[in-house]
Amino acid sequence: MSLKLHLFKNMKRKLPLGETSGMAIKNLKSNKFRSLLTMLGIVIGNASVITLVGVGRGAQNLAEKQLSNLGANVLFVVPGNNDTRRRGVAFPKNLVLKDSIAIEKQVPTVRRVAPQISTNAVIQSGSKSTSSSISGVTSDFLIVRSFEIAKGRFINDQDTKGAKNVVVIGPDLENKLFNEREGLGKRIRIKDQSFEIVGVMKPKGAVFGNNQDENAYIPLSTMVSRITGKDPTYGISLSFISVEAINENSTKAAKFQITNLLRQRHKIIRDDDFAVRSQKDALQIVSSITGGLTLMLAAIGGISLLVGGIGIMNIMLVSVSERTEEIGLRKALGARRLDISTQFLIESLILSSLGGLAGTGLGLTTVNIVALLTPLPATIGLGTVFITVIISGTIGLTFGVLPAKRAARLDPITALRSL
């Protein structure tokens, strides 16, 4: 009855917006449990958008961080063209050591060249064994790829000339084989060949899922003579060639010159049988992939927001049906349609805004937890948070229009019959 007395006292005059808002807040407070359930959809929607976008951006940041380890002025020459790689067929073996030598001698914008042959093999140390990536490299590999030595030394020119059985291993591989004990100076077996560990790398991290700290490096000549052998057609086939340009501004010219040189050497008339990639190329590819992933995740979260808006509309329609008596009484006392619809719109806006703020807090907390507990550097910008809150409020307001119109159009005579 207190609500009826309040209506009798106030409906004889035009209600200002502040008083209408006060009535909307009082009604929401009188139905706290239903109001909380109504907000839940918006809370989950907002939290989903912020969390998924944060995770998507974290994946992009992680990929860019890994690619930055490659070096800004490093190019990679790989066998096979774009079409070959898209179809997933076996790469040709026509990228050879002589190509690497020609690039180093004939391309003026190149400072260093590091040819590489990579394969997977079982590495043994006593009773322990593990499968790892083995790379045959030269001494220039360390500088071109920006690796650093933690203990011992790297492969030198004497190792390569003498095809010595020496190996440099990553820190994670050392831990696997020696249980965090010192591996420097000990011997391991690779494909029944005994190798002396002459160095251990500093941690480098992973690139595209490949943990570089678990790799092993041996002289390129040793790889050819004792592990992989020569190709009967092409000779010493390479997995790829790492090329260091003179500086970052020279990478574009170096890419053009390397492409022309290899086309001449391989007597190519039409499609290339190789590809030259730079860090910028890789960044563009990764950015397009992770950007699409982030957009898809945001769309999934947006669907949750939409469902939350529909939930607000359904609850508000039920509220209109339950409050027929109140609406009829207000209209009988002179309340305008605008007053009725404004109150319901304000209620809808309050529900969606409070739900948006709560969902934002939950989403930011989740993003921080992901960043702390996983290798993924999840992050979210303030602009995205602000836009998400605005969208949630807009969705609540939009889906509150239909219940507000229905309440405003209610016939007071029909409504008063329920008194």
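Reply: Let's begin with a word we will need throughout: two residues are in contact when heavy atoms of theirs lie within 4.5 Å. Helices (H or I, at least four residues) and strands (E, at least two) are DSSP runs, numbered from the N terminus. The model is predicted, so local features need pLDDT of at least 70 and side-chain atom pairs count only at pLDDT 80 or more, while totals for chains, interfaces and linings use all residues. Residues are numbered from 1 along each chain as its sequence is written, and side-chain values use heavy atoms, leaving out hydrogens and water.

Now find helix α13 (residues 337-373) and helix α14 (residues 382-399): their axes are 8 Å apart, at an angle of about 150 degrees. Axes are lines fitted to C-alpha atoms, for helices over the stretch in contact, and angles run from 0 to 180 degrees between N-to-C directions. Angles under 35 degrees count as roughly parallel, over 145 as roughly antiparallel, 65 to 115 as roughly perpendicular and the rest as oblique. That is why α13 and α14 are called roughly antiparallel.

Which residues meet? From α13 and α14, look for Leu345, Ser348, Leu349, Ser352, Ser353, Gly356, Leu357, Thr360 and Leu364 in α13, which meet Val385, Val389, Ser392, Gly393, Gly396 and Leu397 in α14. The residues of this contact of α13 with α14 divide into 7 nonpolar, 8 polar and no charged. In that count, Ala, Val, Leu, Ile, Met, Phe, Trp, Tyr, Cys and Pro are nonpolar, Asp, Glu, Lys and Arg are charged, and the others, Gly among them, are polar.

Next to look at is another pair. The axes of helix α5 (residues 97-106) and helix α10 (residues 251-265) come within 11 Å and cross at roughly 135 degrees, so α5 and α10 are oblique to each other. Lys98, Asp99, Ala102, Ile103 and Gln106 in α5 meet Ile258, Leu261, Leu262 and Arg265 in α10. Sorted by type, the residues of the contact of α5 with α10 are 5 nonpolar, 1 polar and 3 charged.

Let's stay with α5. Asp99, Ser100, Ala102 and Ile103 are buried in α5 (buried means under 20% relative accessible area, exposed over 50%, partly exposed in between, with a 1.4 Å probe and protein chains only). Seen down the axis of α5, its buried residues fall within an arc of 165 degrees, so they line one face of the helix. Lys98 and Lys105 are exposed on the other side of α5. The cover over the buried residues of α5 includes β1 (74-79), β2 (110-125), β11 (240-245) and α10.

How values were computed. The arc is that of the directions from the helix axis to the C-beta atoms.
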